Each structure stands twice: as structure tokens, then as C-alpha cells.
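Grab a pencil and work through these exercises with the model open beside you. Each task comes with a solution that goes step by step.

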Amino acid sequence: MIAKLVGINHVALEVADVDAALEWYGRIFAFQLRGRAGPDMAFIDMGDQFLALSAPRDQSRDDHRHFGLVVDDKEAARRALAQAGAEIVPTRGLRFLDPWGNSVEVVQYDEIQFSKTDAVLRGTGLAHMEKSKAAQAELREKGLVGGEEDAQ
């Protein structure tokens, strides 16, 4: 038997300076700092997951690989990215490069099949969000919900 892949606990991003990265990402996203492990590592809470910021950065800019962050309001993120002068990557969605060359895609919670428990939604202030019809259909197709009321 092999282990079943069930999710992502965290993603670690390399940055040149953790304090600068916390300040920059704080201009784009509202978040709570989970904690620090010295001056070169910080952890940002994302409900029941987290984003790790680690310095120093040893790699060059990455134009091909990316990871996705889920937000409550993608257009608010787009506006904040524009105000911060972020480099927006032309795609059908919202993707940007942070100042350290990390490629990040932003998706909106209610538009995707990714889902959280009711407790996590309450704890993060997102209990009011309902999945779009398309996201509900994707969840039902995979047997991940029983009906529309389960697809929050």
C-alpha cells in the first residue's frame, strides 16, 4: 500500500529578506503571523494551512512554475497588487511575480472545488461564502459533497 495524497499543509517560498516579504505580502493580503523561527523564517496562517517565508533566496526568477493561493476576493487582491506595483503575468486568471521572483496565482474560494470545513470557514470569517454552481458541480462529481448545502 502507498500513501494517498490528500492536500498541502504548507508551501515554502524563498525570499531575500523575510521582514521585507512580510511587509510586501501584508500590502496584498490580510493575514496573521503564525510565528517565526529566527530572523530567516516566518509562517503566515491561512486557516488550517500556512505559507512559510524563508531567506535567503538561492534561485533565480521562476517564469514557469507557480503555486496558487486562495482568497475571499480576487479583485481586491488584483487592486492591491496594482497599488504595490507587482508584475502581473498575463493569464486567464490572476498571476503575479513577487519581488523575489516567486510566481503566484490567486484564485477565489467560491469559484473553485477547494473547500474547507465549516469550523475553518467560521474561524477565518468566511462562513458567508457559498460555492459557485460550477464549483459545487465539480465537488459533487468527485463525491466530495452530498448536495448544494454541503458545498460551502
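**Exercise 1.** In which strand does F67 lie? Work out its surroundings too.

*Solution.* Before starting, note that this is a predicted model, where local features need pLDDT of at least 70, side-chain atom pairs count only at pLDDT 80 or more, and totals for chains, interfaces and linings use all residues. Residues are numbered from 1 along each chain as its sequence is written, and side-chain values use heavy atoms, with hydrogens and water left out.

- Step 1: F67 belongs to strand β5. Strands (E, at least two residues) and helices (H or I, at least four) are DSSP runs, numbered from the N terminus.
- Step 2: F67 counts as buried because its relative accessibility is 15%. The cut-offs are under 20% relative accessible area for buried, over 50% for exposed, and partly exposed in between (1.4 Å probe, protein chains only).
- Step 3: Leaving aside residues up to four places away in sequence, F67 touches V11, L13, L51, S103, V104 and E105. Contact means heavy atoms within 4.5 Å.
- Step 4: F67 and S103 sit 36 residues apart along the chain, yet 6.9 Å separates their C-alpha atoms.

**Exercise 2.** Find the strand order of the open sheet that contains β5, then say which strands stand at its edges.

*Solution.*

- Step 1: Reading across, this sheet of 4 strands goes β5-β8-β7-β6, and the pairing is mixed. Two strands pair if DSSP finds at least two bridges between them.
- Step 2: β5 (67–71) and β6 (87–89) each have a single partner strand, so one side of each is left without a neighbour in the sheet.
- Step 3: Neighbouring strands here are turned by 35 degrees against each other on average, direction ignored. The axes behind such angles are lines fitted to C-alpha atoms.
- Step 4: β5 and β8 run parallel, joined by 5 bridges, and V70 stands opposite V107 in β8.
- Step 5: β7 (94–97) and β8 (103–108) are antiparallel, with 4 bridges. F96 has V104 as its bridge partner, while R95 faces E105.
- Step 6: β7 and β8 make a hairpin with 5 residues between them, and G101 in the turn has a positive phi of about 90 degrees.

**Exercise 3.** Now do the other open sheet, the one with β1 in it.

*Solution.*

- Step 1: The order of its 4 strands is β1-β4-β3-β2, again with mixed pairing.
- Step 2: β1 and β2 (32–36) are the edge strands, each pairing on one side only.
- Step 3: From one strand to the next, the twist averages 25 degrees.
- Step 4: β1 and β4 share 5 bridges in the parallel sense, and A12 is opposite A52 in β4.

**Exercise 4.** Which residues touch the most other members of the largest nonpolar core?

*Solution.*

- Step 1: A nonpolar core is a set of buried Ala, Val, Leu, Ile, Met, Phe, Trp, Tyr and Cys residues joined through side-chain atoms within 4.5 Å.
- Step 2: The largest one has 27 residues, and W24, Y25, F29, L53 and F96 touch the most other members.
- Step 3: Its largest share, 6 residues, comes from α1.
- Step 4: Look at Y25: not counting residues up to four places away in sequence, Y25 touches L13, F31, F96, D98, W100 and V104.

Key: Axes are lines fitted to C-alpha atoms, for helices over the stretch in contact, and angles run from 0 to 180 degrees between N-to-C directions.
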